[in-house]
Amino acid sequence: MPTIVVEVMPKAVLLDPQGKAVTGALHRLGNTTISEVRIGKRFELTVEGPVDETLLAEVRAYADDMFSNSVIEDVVSITVLDPSTGSATEAA
Amino acid sequence: MPTIVVEVMPKAVLLDPQGKAVTGALHRLGNTTISEVRIGKRFELTVEGPVDETLLAEVRAYADDMFSNSVIEDVVSITVLDPSTGSATEAA
Amino acid sequence: MTVTTPSRGVADTVSNAIATPEKEQPYGALGLKEDEYLAIREILGRRPTSGELAMYSVMWSEHCSYKSSKNYLRQFGQKVSPSMKKNLMVGMGENAGVVDVGEGWAVTFKIESHNHPSFIEPFQGAATGVGGIVRDIISMGARPVAVMDALRFGAIDHPDTARVVHGVVAGISHYGNCLGLPNIGGETYFDSVYQANPLVNALAVGVLRHEDLHLANARGVGNKVVLFGARTGADGIGGASILASDTFDEGGPTKRPAVQVGDPFAEKVLIECCLELFQQKLVEGIQDLGAAGISCATSELASNGDGGMFIELEKVLLRDPSMTAEEILMSESQERMMAIVTPDKLEGFLKVVEKWDVETSVLGEVTDTGRLIINWNGEEIVNVLPRTVAVDGPVYDRPVAYPTWIDALQADTAAVLERPTDGAELKAQTLSLLASPNLADKSWITNQYDRYVMGNTALSFPDDGGMVRIDEESGLGFAVATDANGRYCQLDPAQGARLALAEAFRNVAVTGATPVAVSDCLNFGSPENPEVMWQFAQTVEALSDACLELDIPVTGGNVSFYNQTGDVPIHPTPVIAVLGVMDDVAKRIPSGWQDEGNNIYLLGT
Amino acid sequence: MRIGVITFPGSLDDRDAQRAVRLAGAEPVALWHGDHDLHGVDALVLPGGFSYGDYLRCGAIAAHSPIMAEVIDAANSGMPVLGICNGFQMLAEAHLLAGGLIRNDHGNFICRDQGLRVENTSTAWTNDFAANAEITIPLKNGEGGFIADADTINRLEGEGQVVFRYLGVNPNGSINDIAGVTNERGNVVGLMPHPEHAVEEGFGPDTAAAMRSGVDGLSIFTSAIRALASV
Ligand SMILES: Nc1ncnc2c1ncn2[C@@H]1O[C@H](COP(=O)(O)OP(=O)(O)O)[C@@H](O)[C@H]1O
């Protein structure tokens with residue numbers, strides 16, 4: 001069964017307190033090369049049946065409207081993984 | 001500046017209450033083709049300077065130890081994005 | 001006849017078990033001793049099927065069967081006066097005790113441990129501990145209205161303590177807050193004896209009208225057996241038996257996947273759904289699914305009923321369709337309930353669960369066979385007398401031995417400690433006491449708990465006991481406090497238990513409420529250690545005597561054994577919860593100075 | 001005066017909000033998220049809780065509930081709508097209010113008696129307060145950090161749409177200590193703290209006068225009654 005992966009990140013201009021806390025933790029552990037960590041979400045959607053343009057349009061709408069809140073987040077990618085071929089196709 | 005992307009997902013055998021709630025919402029909105037949604041995390045690490053093997057080893061350790069909780073989550077990928085070349089390299 | 005080897009999807013059937021008596025079975029890995037396994041063969045008159053073995057192994061575990069403690073716990077039922085029984089609507093042995101508090105209202109409460117899972121995965125372990133105790137309360141027909149948590153952690157400066165403390169507190173906060181249950185109190189102590197074995201004891205209180213009381217029994221031939229709530233998944237398989245009945249030291253991480261993940265949202269919806277089912281009188285009997293999942297619910301419902309039960313296991317809704325019948329029987333997936341519903345009310349039942357978006361499947365029905373029969377795709381895989389699984393498990397009279405070290409410990413009194421000789425030393429000592437983790441302010445914990453939700457909290461942090469209003473018109477309410485001091489109990493288990501009871505009793509009394517019932521969570525080391533067994537025997541005897549003396553019944557509780565790191569048991573830690581009734585919460589007495597000019601009295605000796 | 005309180009799956013403070021409405025002198029009407037019917041109420045409260053477990057983002061899934069279509073219409077036509085905590089998050093997710101709410105900067109759930117300043121007393125839900133009144137009501141949330149881009153913040157501040165501001169402690173990292181905001185019209189108000197937990201003596205926050213005696217939240221509900229009476 002194909003999987004559609006949607007990735008969402010907090011908007012670059014806005015504060016990401018979770019990422020900030022992790023950055024701080026890394027620095028306390030002695031790391032000096034990672035200047036910033038930002039934490040977003042990865043959605044894996046298992047699809048029954050083929051992934052066609054209709055479904056992708058629907059997923060794009062969900063991504064903009066529900067998986068992310070456009071006021072504070074950006075959808076950074078939508079990818080279709082096909083386990084039978086092992087291929088990954090960008091869909092947004 | 002290069003970015004290392006670490007992706008973490010809840011373990012497949014364990015309940016993902018978040019994903020379950022979103023799956024329910026999609027079905028209530030009328031979708032019938034997405035059978036399951038699972039929600040994980042995407043960490044974007046901004047790196048000052050080059051990404052070498054030492055740093056990658058360090059990031060792998062953070063990924064296993066801090067970014068994920070091995071009891072309930074799996075690190076599904078570590079990727080290096082180089083904006084200057086636009087390349088993405090799998091690093092785990 | 002050809003005999004198939006059971007594999008995924010094809011279960012070991014009863015006829016298969018009869019045909020292959022010699023088949024080796026992994027009873028040891030499931031936590032059963034050889035004589036226990038032989039007893040099962042004796043009961044069945046054949047070898048158990050793998051499904052039956054799964055059921056017996058989880059139900060005969062220490063955690064579910066109370067096999068080492070049963071002989072002692074009887075005292076709580078024996079040492080009772082008529083006045084102790086007077087207001088008791090349901091006593092020990094049910095999911096939780098129920099006390100009549102007047103005006104047609106009743107209160108149910110219970111405290112339970114989730115210690116071992118909370119060390120392995122502190123957040124989920126503690127969260128599902130809250131979830132489990134709350135389901136016990138719902139299954140009595142009550143609305144859960146408050147939670148409390150009694151916690152013990154290792155030394156505050158040990159490198160692993162922060163992981164456990166923050167995980168546990170966040171887990172309780174997440175689950176309790178998300179259920180909308182005010183947290184009205186608890187305790188937190190740090191001591192290195194709890195380093196690799198923290199204690200997470202969760203208490204829940206529920207209220208109900210007398211007529212809403214429900215019990216866990218399957219009566220009435222033809223009544224439907226319905227499973228509802230979350231889907232069954234592969235999480236927490238064997239969790240109860242493996243996690244709660246064996247110590248884990250080096251082997252820990254390999255058992256990690258046995259954790260359960262909680263979904264407080266699913267439980268909140270389940271609460272509201274159950275309350276609506278009760279209100280519309282749509283269920284006859286009900287049982288929550290906790291440790292031992294479907295094995296426990298079916299065998300307990302059937303053995304508390306008057307007949308038998310037949311279910312078709314393939315009708316269980318699964319999260320992971322590749323699960324085997326044995327895994328389904330053992331799964332500890334959270335947020336599930338099993339109800340007995342008369343056929344004419346099934347439609348109404350299904351309407352309510354649908355309103356709440358709760359998934360449901362009708363698994364089978366109550367029969368007159370007297371046996372619990374479970375089919376898997378048309379083939380019989382379980383055929384047992386339900387009592388043999390749920391009630392008549394093994395009972396042990398474990399050896400007890402007086403711990404000789406206790407004499408030296410008692411002789412080493414505080415009298416030998418150096419006294420401060422001047423003001424500066426006294427000041428330093430006072431300051432170090434105030435700064436010690438066990439005396440320091442706990443608000444960093446209590447501030448993570450919602451104490452306002454429901455709008456009925458009359459007392460909570462920082463008071464000694466919590467108090468909640470039951471009835472907005474009359475002001476009727478209840479108070480609860482929990483107490484235990486493991487160090488006193490280590491010195492003298494009997495005296496320690498009495499002191500814990502007395503303190504919880506006082507903490508309720510000082511709020512203005514009248515103490516009426518006790519629930520206890522007895523946290524001890526391995527029952528196979530005779531010194532631990534001695535501590536346990538002393539505790540139960542003293543506690544039951546003290547309850548008789550205070551004229552207050554024990555209505556339920558929980559025993560948690562195998563709390564130890566390596567060979568070192570924890571201090572005996574009997575956490576005692578006392579429930580009190582308050583006729584008008586407006587008259588409650590908070591701790592702390594209230595008004596300028598009040599007189600101060602010191603009472604007692 | 002009939003004030004509807006919508007129950008979503010996972011709502012927790014719905015019955016408390018109904019009690020507050022009653023104590024303020026209006027009739028509470030229980031509404032269900034799955035209906036497309038506001039039962040003719042005069043005002044709406046979206047209560048606190050963890051709708052849909054607060055999974056995904058707080059209030060995000062509830063914002064897609066059937067009844068939200070009616071809520072959006074009602075809000076746009078001027079009906080007083082109050083979002084408390086999770087309700088505020090829903091109103092933000094539904095874009096009826098500006099900004100968003102994110103995880104507290106310290107990462108933990110926090111429950112405390114919170115001081116607030118009421119900075120806009122012309123909204124449907126604050127007209128019963130004195131200008132710049134300082135009040136104490138309970139706050140309890142895990143994701144109460146108010147966030148918006150700089151332009152939005154400037155606009156909210158400039159137009160007086162910041163209704164409540166935290167006093168003393170900023171409990172969650174909210175930008176400019178913002179605790180609650182309103183829309184341009186002043187009929188839709190959202191705030192993170194819980195006024196419905198400060199309406200009854202004995203069960204409210206501590207005050208200087210006595211423990212648990214705070215009832216500062218009541219004026220939020222009486223404000224709506226006043227606003228409705230004056231139209
Ligand atoms: N884990 C906890 N959960 C909830 N409340 C707690 C917890 N630990 C302590 N408390 C509360 O903090 C307050 C002080 O506790 P404690 O320091 O044990 O006081 P005392 O020694 O007076 O009993 C009490 O109201 C108690 O109920």
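Q: How many residues of chain D are in contact with chain C?
A: Contact is a matter of distance: heavy atoms within 4.5 Å. In this predicted model, 30 residues of chain D are in contact with 36 residues of chain C.

Q: How do I read the area buried between chain D and chain C?
A: Buried area is what two parts lose in accessible area on being put together, summed over both. For chain D and chain C the figure is about 2,700 Å². Carbon and sulfur atoms give 54% of that area.

Q: Which residues of chain D lose the most area to chain C?
A: Three stand out: D:Cys111, D:Phe203 and D:Arg212. Together they make up 23% of what the chain D side buries.

Q: What is the count of salt bridges between chain D and chain C?
A: Look for a side-chain nitrogen of Lys or Arg within 4 Å of a carboxyl oxygen of Asp or Glu. Between chain D and chain C the count is 6 salt bridges. One of them pairs D:Glu200 with C:Arg469. Their closest N and O atoms are 2.7 Å apart.

Q: How many residue pairs are in polar contact across the interface of chain D and chain C?
A: The rule finds 14 residue pairs, with both residues at pLDDT 80 or more.

Q: Which elements of chain D give two or more residues to the side that touches chain C?
A: They are helix 1 (14-24), strand 6 (110-118) and strand 7 (134-141) of chain D. By class, that side of chain D has 13 nonpolar, 7 polar and 10 charged residues.

Q: Where is C:Asp463, and is C:Asp463 buried or exposed?
A: C:Asp463 sits in the loop between strand 14 (457-459) and strand 15 (466-469) of chain C. Buried means under 20% relative accessible area. C:Asp463 has 11%, so C:Asp463 is buried. The side chain of C:Asp463 reaches the backbone nitrogen of C:Ser591 at 2.8 Å. Not counting residues up to four places away in sequence, C:Asp463 touches C:Pro590, C:Ser591 and D:Arg212.

Q: Which residues does UniProt list for "active site"?
A: A record's annotation may be inferred rather than shown by experiment. Here the UniProt entry, which is unreviewed, lists D:Cys85, D:His194 and D:Glu196. They span 112 residues in sequence, yet no two of their C-alpha atoms are more than 10.9 Å apart, so they gather at one spot.

Q: Where is D:Cys85, and what is D:Cys85 in contact with?
A: Start with the loop between strand 4 (81-84) and helix 3 (86-93) of chain D, where D:Cys85 is found. D:Cys85 has 6% relative accessibility and so counts as buried. Beyond its neighbours within four places in sequence, its contacts are D:Gly48, D:Lys140, D:Asn141, D:Leu191, D:Met192 and D:His194.

Q: Where does D:His194 lie, and is D:His194 buried or exposed?
A: D:His194 lies in the loop between strand 11 (188-191) and helix 5 (218-229) of chain D. D:His194 is buried, at a relative accessible area of 1%. Leaving aside neighbours within four places in sequence, the contacts of D:His194 include D:Asp13, D:Gly48, D:Cys85 and D:Lys140.

Q: What do chain C and chain B bury between them?
A: About 1,100 Å², 64% of it on carbon and sulfur atoms. In chain C, C:Val261, C:Asp263 and C:Arg319 lose the most area to chain B. Together they give 38% of what the chain C side buries. The contact involves 16 residues of chain C and 10 residues of chain B.

Q: How many salt bridges are there between chain C and chain B?
A: The count is 2 salt bridges. B:Lys20 and C:Asp263 meet in a salt bridge through their side chains, at 3.2 Å from N to O.

Key:
Residues numbered from 1 in each chain as written. Chains lettered and ligands numbered in written order. Predicted model: local features only at pLDDT ≥ 70, side-chain atom pairs only at ≥ 80, totals over all residues. Heavy atoms only, no water. Buried area = accessible area lost by both parts, 1.4 Å probe. Polar contact = N/O pair within 3.5 Å; in protein donor to acceptor, adjacent residues only side chain to side chain. Helix = DSSP H or I, 4+ residues; strand = E, 2+ residues; numbered from the N terminus. Nonpolar A, V, L, I, M, F, W, Y, C, P; charged D, E, K, R; others polar. Buried < 20%, exposed > 50% of the residue type's maximum accessible area, 1.4 Å probe, protein only.
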